Amino acid sequence: MSNDVRFSVVIPVFNEEAVLEESYRRLKEVMESTGDTYELLFVDDGSKDRSATLLRELRGQDPQVKWLRFSRNFGHQVAITAGMEHAKGEAVVVIDADLQDPPELILEMIQKWEEGFDVVYAKRKERKGESWFKRVTAAGYYRLLRGLTEVDIPLDTGDFRLLDRKVCHAMNALKEKHRFVRGMVSWVGFRQTAVEYVRDERWAGETKYPLKKMLGLSMDGITSFSYKPLRLASYVGFLLSMGSFLYMMFIVLKALLMETGVPGWASLATMSLFFHGVTLIILGLMGEYIGRIYDESKNRPLYLIDREGGVTGNVSPGES
Ligand code: UDP
Ligand code: MG
């Protein structure tokens, strides 16, 4: 395949007007220092602020900047996916727009890639400026996920990584709708290695990952890579029925051997509440999986592109 771009940098953008110019500047500096050809591919995930205008301006000054704009907010993982589908480079780097991932680390990743690795992921050895809550839940979650799945998903890594063209190709062939990209990259395999870094604070602006989106992502991670929660449901059910059977025997014997009074209301009520609770949790859990099957079966496109600058080469109303 003839290729005139060696490196693609994919940057998902959602309401990042406060950081966009600075991250462009830092990325530009780093990519220039490679002395190779590159493209900076920004995926605007339906921003409502001035991000789109800024991207258009950047492209006006610099043909290495390319952008896609979704018709609405489809989410971070989908934005990354779209970037990987449209990237042309021999190696594709995915990096957040907020400079929490230091662009300078890309050089180290490229070095590993040139040594022959196909995936170089960035492992966070420290996280700065993130809340106590986020650090603890993130650390706990990655460990839980690791326990639940057979796929070897590395601890404490996000989506900041470099992928060889063939890995990118393999990823693009995975058409699932609920995408947990960091897990999928582990699933595809190839030669993977890590570089460590200290995750900085966001350069400006606020997180675009409110708790609701975080929970959605963590559920996608578990349901995409493990059936174990469903199995857990049957274990819990089994244990509880065993317990109730024993308790039933106890009640029957007690009724036969001793005189029975009316007492027992409290234990009945609490037990019934407890069992209903467990049943509902398990039903909800099944619902999570069924809902995802439903989404897959609808077979809708993963995202819709509204406008673009320089990505497909088609004339687009966004290009001016
Ligand atoms: N992002 C996105 N779509 C979304 C939410 C976030 O494209 O719906 C982008 C965001 O612009 C940033 C990256 O995903 O480049 C990571 O988001 P953020 O930094 O807010 O997450 P955090 O680092 O707080 O987990
Ligand atoms: Mg961030």
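**Figure 1. Helix α9 passes helix α10 in a left-handed crossing.** A crossing is termed left-handed when the near helix is turned anticlockwise from the far one by less than a right angle, and right-handed when clockwise. The model is predicted: local features require pLDDT of at least 70 and side-chain atom pairs pLDDT 80 or more, whereas totals for chains, interfaces and linings use all residues. Residues are numbered from 1 along each chain as its sequence is written, with chains lettered from A and ligands numbered from 1 in the order in which they are written. The axes of α9 (residues 228-257) and α10 (residues 265-298) come within 10 Å and cross at roughly 160°. The two helices are therefore roughly antiparallel (angle over 145 degrees). On the α9 side the contact involves Pro229, Leu230, Ala233, Val236, Gly237 and Leu240, and on the α10 side Phe275, Val278, Ile282, Leu285, Met286 and Tyr289; contact requires C-beta atoms, placed from the backbone, within 7 Å. By class, eleven of these residues are nonpolar, one is polar and none is charged.

**Figure 2. Helices α6 and α7 form a right-handed crossing.** Helix α6 (residues 165-172) packs against α7 at an angle of about 115°, with the axes 10 Å apart. The pair is therefore roughly perpendicular (65 to 115 degrees). Val167, Ala170 and Met171 of α6 meet Met184, Val185 and Val188 of α7. The contact comprises six nonpolar residues, no polar and no charged.

**Figure 3. The shell around ligand 1 contains 16 residues.** Pro12, Phe14, Ala97, Thr207 and Lys208 come nearest to ligand 1; a residue is counted as near if its C-beta atom, placed from the backbone, lies within 6 Å. The elements giving two or more residues to this shell are β1 (7-13) and α3 (76-86). Helices (H or I, at least four residues) and strands (E, at least two) are DSSP runs, numbered from the N terminus. Six shell residues are nonpolar, five polar and five charged.

**Figure 4. Asn15 and Phe190 are shown in their loops.** Most residues other than glycine have a negative phi. Asn15, in the loop between β1 and α1 (20-34), has a positive phi of about 50°. Asn15 is partly exposed, with 19 other C-beta atoms within 10 Å; 20 or more would count as buried and 12 or fewer as exposed. Phe190, in the loop between α7 (181-188) and β7 (192-199), has a positive phi of about 65°. Phe190 is also partly exposed, with 13 other C-beta atoms within 10 Å.

Key. Ala, Val, Leu, Ile, Met, Phe, Trp, Tyr, Cys and Pro count as nonpolar, Asp, Glu, Lys and Arg as charged, and the others, Gly among them, as polar. Axes are lines fitted to C-alpha atoms, for helices over the stretch in contact, and angles run from 0 to 180 degrees between N-to-C directions. Angles under 35 degrees count as roughly parallel, over 145 as roughly antiparallel, 65 to 115 as roughly perpendicular and the rest as oblique. Two residues are in contact if their C-beta atoms, placed from the backbone, lie within 7 Å.
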